[in-house]
Amino acid sequence: MIEMLALLASPLAGALVLALYGHRERAAEVNAFFSIVTFGAAAALTGRIVAHGPLRVLHEQFFVDSLNVFLVALTAFIGMTTALFSRPYMRIERDHGRVSAAGLRLYHSMYQMFSFTMLLVLTTNNLGIMWVAMEAATLTTVLLVALYRTPASLEAAWKYFILCGVGIAQALFGTILVYFAAERVLGPGVGSLLWTHLDAVKASLEPTVMSIAFVFLLVGYGTKVGLVPLHNWLPDAHAEGPTPVSAVLSGLLLNVALYALIRCKVIADGSLHQAGGLPFASSLMMGFGLLSVVVGAFFLSRQRDIKRMFAYSSIEHMGLIAFAFGMGGPVASFAGLLHMTMHSLTKSAIFFAVGHATQKTGTQLMENIRGLMRVSPTVGWGLMLGTLAILGMPPFGVFASEFLILTQAIALRPWAAPILLGALGIAFAAIFGKVQPMVFGDTTAKRLPHPPALLPVFAHLGIVLLLGLYMPPYLAAWYRQAARLIG
Amino acid sequence: MIDLAGVAAQFTELMLAILLAPLLTGWVNQCRAWLQNRSAPGLLQPYRTLNKLFQKEVVLAHGASPLFRIAPYLIFGSLALAAAIVPTLDIDLPLNAAADAIALVGLLALARLFVSLAGMDIGTAFGSLGARREMMVGFLAEPALLMVLFTASLISGSTSLSTIVHTLAHKEFVIYPSMAFAGVAFTMVSLAENARIPIDNPATHLELTMIHEAMVLEYSGRHLAMIEWAASLKLFVYSCMGLALFFPFGIAESGDWLGIVLALPALLLKLAVGGAALALIEMLSAKMRIFRAPEFLGSAFLFAVLAMLVHVLLES
Amino acid sequence: MLTHYGPQLVNLFAAVLLLLAFAMLSQRRMLSLINLFAAQGFVLFLTTSLVAALTGQHHLYWSALLTLALKVILLPWILHRLIRKLNIKWDVETLINIPTTMLVGIVLVVLAFNLALPISQLAGTVTRSTLGIALASVLLSFLMMITRSKAIPQVIGFLAMENGLFFAATGAVYGMPMVVELGVALDVLVGALILGIFIFQIRERFDSLDTRHLERLKEL
């Protein structure tokens, strides 16, 4: 109870405090402080769930089980490391004159607000509130993407808002339909929107309504996940926003949207299962997932902007995760959850490294970034290792999760396996071919006098490496438990 | 057996329509004048114009064929017949057996055909131009009008205008949302068909924009009088059709004289309000370019289609 | 009287709502667009109050008042101020010509009606047949958003889409729980304000509000 309140109160209080003091000299430290408190609360909550099982508080308005607590922990952790990373990063941005003091206040306040909305999506039990929080997350990130006020960033933010606004409206319609189906079973009132109640009666929900509702929910939340063909906003928003924002967008927001989708899929599957028809929701998710993997992989090789390229890589990985959840079954869901974790950690680490690289060279165009290893071995190694990790090189954890997904695909959906393998191969060639000269190429630039602070990068990559080499049994048990919830 | 009383009632209704039609035109002009803040020519001005034209000599162009000479009477005749079958005062009249929506549209099309043929007959540039434009407007307006009537038919289950009025006015009062769409579509079609702003302007002879006036430029004397009278009659028919579809209250049910006498003030009141509304619409809108007319009428058609869709969704 | 004609009136209002959505789709003038949006909000207010009176769901009265305050008064006022401040007098430009847009709109309406038909047959509410209209309004606003090239019509499309969603909630389930509805209203208000700020910034950067200028970011 108290952990739960602290988890939500800390970022909210942070947003309010930073809205008033965010332009002061020490704002970045205050921002980091609130993020650390949030992570502390998340850790305490996790410990409690692991020890005592699922938790429902405040008239069941909030619900934490092993599925969302793992995402809460991940979100709070990456939120914290990103806050630590952004402290020196944003200071340099201000020194370069790209952002004003007032802009920094907006940045810090919205960063905390964004954490709050994401944690609210993750912990709320009410599907309506989940929608509201998701929309609020869009609004805060729109402001963050437009932070630099350049024409390109305004364009990216406008596109982001319009596309996600349209998409998320479909999700609201889907939520209304879910409420409509639930009302007939549970009666009117807030109770009919609570996920735990819906989960209990999912077998008696009207399958026709639920299948239509799921289509709308998939289109709505799928837009935020960045599933092809609803992905157009994603590369722009990632490329034009400040790097810490790209890191949390890719590492966290996509996960959170996917989480909302998974919760809805559980209900829809339960309702459709009794009808005995095709696994409609699963097939849809697999189809969208596969399309995203293929399109994401093919677009990778055409990119010139480094952040755009890694944005497309996120689309590809989100597609892979959606495909895994679509296949279903304990192993595939386990692999999906694992891949969510690995991708978040790795991708945010990559964006941190990319942030430093672009800050040093002053450009995001890959052909102008050369010889990072000479300029700063820390940045060079960070980017290289991160790239190897995201491409699924053993012994990194991404290898383990991708391997699991592929073996499951071969076992359950043999037709999809060659497509996935081919797409992963294309992605490998594209990304590696572009990153290699950036890291090892020749440059005339001088070596940096002192290495940049890249502790978060190596912390993330360390965890990914560790989990790839050895998965602690309690963690595996925990993932398995969460995978069972998804089914 | 010929029901003499019925025939008499039918005849009364027809004569009333023919005699009242110029008055409606006069009333609309009067309202327009008031709204434009000028002094009105007087309610009876159309009658005076008709009287003047009837007394004038007919001048025929050299190449005029017999068609040119008989067209005014054919036009007047088909519109008079249309006026007879549109329910105005009573729905239990001898001709109402023929009061079919499709027949009505056919009669209106017949009138339009002869106006256009007559316009082209002389071979002047204006006549052909007007005829072409008129056919374009008609070609777009007719399907929309049919859709409006079909929506009403769907409600009552019959294309007979009498049955439609009977269903709408004399059964239990029901709100039909589809009629809101149909009403918008019908208003748009009527504006176009009666050569009103925003499609055409009845009060101008500005050559580039005119449609109706371009076709009848060559007419004079009693021929012109018949054409003008027929134009008034057309406005009257459309007004009564609109009233019958959307405000059918007050139309008598059975053919007794008392009902007809009581229905008359109701009709006059409705026509007065409708005419004023028409003047207001004309005042508030601007004449659109002729190339916009297809868009305008296309919208009318879409609204009529929507009316049917809404009917299927909400009322079935 | 009310119980008899109430549902019919709700259907009528629903039809008017759809009519207004189409009118917005075919509208070329910015000022009329805002007025139509306000009118749609007002019809929504009437419908919600009527449904509240019919069903005795008291929380719907609050929703209705919220609609009146937000969508009939506040947002149109903000939009009016916006176009006065930006001194916008031009016509709304469309990317596809209006008749084509309308035709696509009809197709969307048929689609929405078909999709909603099996759902509304299950509903027990007096207002069940309005779900198709609500979905149609959502899709039409969506169409308006993607066919308009200027920023403000896109914003109005966004807001009108929310109107359609609100109407869907009222018609299908007598409104969502109050806490959700308040949250949605807050999101819409904040979203509209943010978009308003954006419009100023876009104008400042691009010297125009034509979102066709916002096409530099695309694939090679």
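Trainee: How do helix 12 and helix 13 of chain A pack, and what do we call that arrangement?

Mentor: In this predicted model, helix 12 (residues 306–327) and helix 13 (residues 330–361) of chain A pack at an angle of about 175°, with their axes 9 Å apart. Helices here are DSSP runs (H or I, at least four residues), numbered from the N terminus. Angles over 145 degrees count as roughly antiparallel, so helix 12 of chain A is, relative to helix 13 of chain A, roughly antiparallel.

Trainee: Before we go on, what should I know about the numbering and the pLDDT limits?

Mentor: Residues are numbered from 1 along each chain as its sequence is written, and chains are lettered from A in the order in which they are written. As this is a predicted model, local features need pLDDT of at least 70, and side-chain atom pairs count only at pLDDT 80 or more, while totals for chains, interfaces and linings use all residues.

Trainee: How many residues in the contact of helix 12 with helix 13 of chain A are nonpolar?

Mentor: Contact means C-beta atoms, placed from the backbone, within 7 Å. On the helix 12 side of chain A, the residues include A:F310 and A:L320, and on the helix 13 side they include A:M340 and A:F351. Ala, Val, Leu, Ile, Met, Phe, Trp, Tyr, Cys and Pro count as nonpolar, Asp, Glu, Lys and Arg as charged, and the others, Gly among them, as polar. The contact has 2 charged, 7 polar and 13 nonpolar.

Trainee: Is A:M118 buried or exposed?

Mentor: A:M118 sits in helix 4 (residues 101–123) of chain A, and among the residues touching A:M118 are A:T75 and A:L252. Buried takes 20 or more other C-beta atoms within 10 Å, exposed 12 or fewer, and partly exposed lies in between. A:M118 has 29 of them within 10 Å, so A:M118 is buried.

Trainee: Which helix of chain C gives the largest share of the side that touches chain B?

Mentor: That contact takes 21 residues from chain C and 17 residues from chain B. Helix 1 (2–26) and helix 4 (98–122) of chain C each supply at least two residues of the chain C side. The largest share, 12 residues, comes from helix 1 of chain C.

Trainee: Where in helix 4 of chain C does the kink lie?

Mentor: The bend at a residue is the angle between axes fitted to the seven residues ending there and the seven starting there. In helix 4 of chain C, the kink is about 40° and comes shortly before the proline C:P118, at C:A116.

Key: Axes are lines fitted to C-alpha atoms, for helices over the stretch in contact, and angles run from 0 to 180 degrees between N-to-C directions. Angles under 35 degrees count as roughly parallel, over 145 as roughly antiparallel, 65 to 115 as roughly perpendicular and the rest as oblique. Two residues are in contact if their C-beta atoms, placed from the backbone, lie within 7 Å. Lists of a residue's contacts leave out its neighbours within four places in sequence.
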